[in-house]
Amino acid sequence: MEKEQFYYDNKIVKMFLWATILWGVVGMLVGLLVALLFIFPGLLEFAGSDNAISFLSFGRLRPLHTNAVIFAFVGNGIFLGVYYSTQRLLKARMFNDVLSRIHFWGWQAIIVAAAITLPLGLSSSKEYAELEWPIDIAVVLIWVVFGINLIGTILKRRQRHIYVAIWFYIATLVTIAVLYIFNNLEMPVTAFKSYSVYAGVQDALVQWWYGHNAVAFFLTTPILGLMYYFVPKVANRPVYSYRLSIIHFWTLIFLYIWAGPHHLLYSALPEWAQNLGTVFSVMLIFPSWGGMINGLLTLRGAWDKVRENPILKFFVVAITGYGMSTFEGPMLSFKNLNAIGHYTDWIVGHVHIGALAWNGFMIAGIVYWLAEKLWKTPLYSKKLANTHFWLGTLGILFYAIPLYVAGFTQAFMWKQFNPDGTLVYGNFLETVTQVLPMYAMRAIGGTLYLTGFILLAINIIKTAKAGSAVEDELAESVPLKKISGQRIAGEGWHTWLERRTVLFTILTTVAILIGGLVEIVPLILVESNVTKIESVKPYTPLELEGRDIYIREGCNNCHSQMIRPFRSEVERYGEYSKAGEFVYDFPFLWGSRRTGPDVHRIGGKYNNNWHFNHMMDPRSTSPGSIMPRYSWLIKNDLNASNLEDKMSGLAKLGVPYSSEDISGAKQNLLAQAKEIETSLRQDPEFVSNYGSSNIQNKEIVALIAYLQRLGTDIKGNSNTALK
Amino acid sequence: MLKFIKHNLSSIDGVEIYPIISLVLFFIVFITMVVFVIKLPKGKIDIVSQLPLEEDNNNKEINHE
């Protein structure tokens, strides 16, 4: 058959390449900024310490950093690689240029929207899903555009066989859609405020089902697809074992999505199933590490190239990082290691091995390699790329090692007892100040890594200037013969299935949905299964507004609200948390990291004035604290204009607010605020400093009301609860 | 951390069927896949694994700029 001529769309690849570099710099810069806030808490108080700037506080910048790195930097990096490799592997231009452009600009618009709304405090508080509902909808729409474009390209391909990288892309496409939609089911209250439809325990389970799988399907599967294309490409030799890559693919997909419920419900399993599960877990280390080995062994007999080629160096460290974090992950799921690692900086170190080494270095290698291809010119400076490599590698080590040390230090200090049964470090602050030198080293590591990445940006800009841009690259290939949709003689069923793309995708979706349902159904049932506690009552209107301020300020980024049933935690924080205490928590606010102490039993522990002073200047009540000042909370009037809408929204979700509660909400709120101001005025210092300001109308009062309520329901303290 | 709340899941009546379904499905799919992969003909494996390397060397490029 005649060869057809067609053009690869290089322009779209280039657009994603620039976006990757731009958002990489931005995301890492914000990361460095939040790392510096640990050692210089007053760093961003440009307007003086009494005028802290709300949108530059840690709690709002941290989600900006995580979202920018995950969805903006790695996201664009994935699309960059997918748009380049898909066209070549399928011997076809992307399905539709307009869809490609919509995908690109839509994604960038979402990033800009996130970069504006997150510092403004418009956040749903759920980690890596903080964006509010209108942006969530935009994400889903753009994802669908990407999906149509990808599937469309597969359909018009000129290559019968579908290489394993494409399978990884399809799995990413389908699974992220399912995860994202289920975790972001929200009840909108206003244009930029919503409540999760799940509460407490259920919300936590759904959120971490998402959190776990998002790491798998956004930060792992697409990057593995890229690895299977770009590593052979750069090393100029086929992947070590294609068979292993197929096993790697299917195992990874099923391991994450299907094995989930048996992790969650392990103790409910009959013994034969537990045994089978154990055998399985052991077996599964093999394919997961098989992926890493497969990547590294692709370079067999090419190690001399690795010495000379900075791109291969990036790949080697990236794949090693993948191996490290996939080893560490299962280790951290062991009960005794988890008891040590959870809430500490170990986790932060762990995820950064994944982000800096696996994702960051993989993308850096791809960007360098593509620059030469896209601009048809050698890289501006190989030496600079080598410098980037060494700065980056050093940066990773300087980042991760101090945080491992910090993590273990924290865990052991939190748990150490005196012979008389009291805690050695009863003051949480001691465990913070102890690791400050580690935070300083981490910031140095981050600086090194960012510097390396800026060298990449310079290198690519120079390369682009020297080369000539080929917007549309001519290629030719024989079109696929039309063959019957039926299986033809001698054709294997999987080969047949591969060429029926739509069917393949639908079956993959069905497979994942069955797996998802098996996991989701118990999560839906759990709501009615949480033991109700009679004394747990809904929040009062003022407390509800205070809780929304807590969410807005991102307090959950540093403070957990989940006291584990350990002697050391009960001793430090009080009675351990019960599932029934969270039934009115839309969303849950358990947090995942204790930079500061747990606050679940903070209610009633200090008086209102302590909270007031602590919010104004944490150092005044807790010398050495690294918490930000929240001085805007005494300046901003509490905006309770949506109070009734919020309460009726929550009532629809099952919070027992009666219509009288809702109609009398404003009055109730004012009365409780008045009460708090009266109690604040008992302190003469407060009266002399703030006596003339109308504190009862300010946001701080709502936040104090919420903090004083926390964890008090089961103390039998009913005077703050709604009747 | 979720281990402290997982008992809420395991006390649901008949919930053990879900992990068993998932385990059994996974087991079947995994074994089928391994068998399928082992039985793949060498020829096809070689063709497919060469796909990324098929360079577009003979392709001409044009510059629209």
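Okay, let's start with a cysteine: Cys558(A) has a relative accessible area of 15%, so it goes down as buried. By buried I mean under 20% relative accessible area, while exposed is over 50% and partly exposed is in between, using a 1.4 Å probe and protein chains only.

Before I go on, the housekeeping. This is a predicted model, so local features need pLDDT of at least 70 and side-chain atom pairs count only at pLDDT 80 or more, whereas totals for chains, interfaces and linings use all residues. Residues are numbered from 1 along each chain as its sequence is written, chains are lettered from A and ligands numbered from 1 in the order in which they are written, and side-chain values use heavy atoms, with hydrogens and water left out.

Back to the cysteine. Its closest cysteine sulfur belongs to Cys555(A), and at 8.7 Å that is too far for a bond.

On to the helices of chain A. When I say helix or strand, I mean DSSP runs numbered from the N terminus: H or I with at least four residues for helices, E with at least two for strands. Helix 1 of chain A, residues 10–39, packs against helix 2 of chain A, residues 58–90, at about 155°, and their axes are 8 Å apart. That angle is why helix 1 of chain A counts as roughly antiparallel to helix 2 of chain A. For the labels, under 35 degrees is roughly parallel, over 145 roughly antiparallel, 65 to 115 roughly perpendicular, and the rest oblique. The axes themselves are lines fitted to C-alpha atoms, for helices over the stretch in contact, with angles from 0 to 180 degrees between N-to-C directions.

What handedness does the crossing of helix 1 and helix 2 of chain A have? It's left-handed. That's the case where the near helix is turned anticlockwise from the far one by less than a right angle; clockwise would be right-handed. As for what sits in that contact, there are 23 nonpolar residues, nine polar and two charged. Nonpolar here is Ala, Val, Leu, Ile, Met, Phe, Trp, Tyr, Cys and Pro; charged is Asp, Glu, Lys and Arg; the others, Gly among them, are polar.

Pair it with Leu89(A): 57 residues apart in sequence, and 38 Å apart in space, C-alpha to C-alpha.

Helix 2 of chain A has another neighbour to look at, helix 13 of chain A, residues 345–375: the axes come within 10 Å and cross at roughly 40°. That makes the pair oblique, and the crossing of helix 2 over helix 13 of chain A is left-handed.

Now a hairpin. Strand 2 of chain A (residues 186–190) runs antiparallel to strand 3 of chain A (residues 193–196), with four bridges joining them; DSSP has to find at least two bridges for strands to pair. Two residues lie between the strands of this hairpin. Thr190(A) faces Lys193(A) in strand 3 of chain A, and Glu186(A) has Ser196(A) as its bridge partner.

Most residues other than glycine have a negative phi, and most peptide bonds are trans. Tyr128(A) isn't a glycine, yet its phi is positive, about 65°. It sits in the loop between helix 3 (97–117) and helix 4 (133–155) of chain A, and it's buried at 18%. Tyr343(A) also has a positive phi, about 75°. Its loop runs between helix 12 (335–341) and helix 13 of chain A, and Tyr343(A) is buried at 0% relative accessibility. Then there's a cis peptide bond from Phe586(A) to Pro587(A), omega near -10°; Pro587(A) is in the loop between helix 20 (567–573) and helix 21 (608–616) of chain A.

And chain B: three helices and one strand, in the order α-α-α-β from the N terminus. Of its 65 residues, 43% are buried.

Technical notes: Disulfide = S-S within 2.5 Å.
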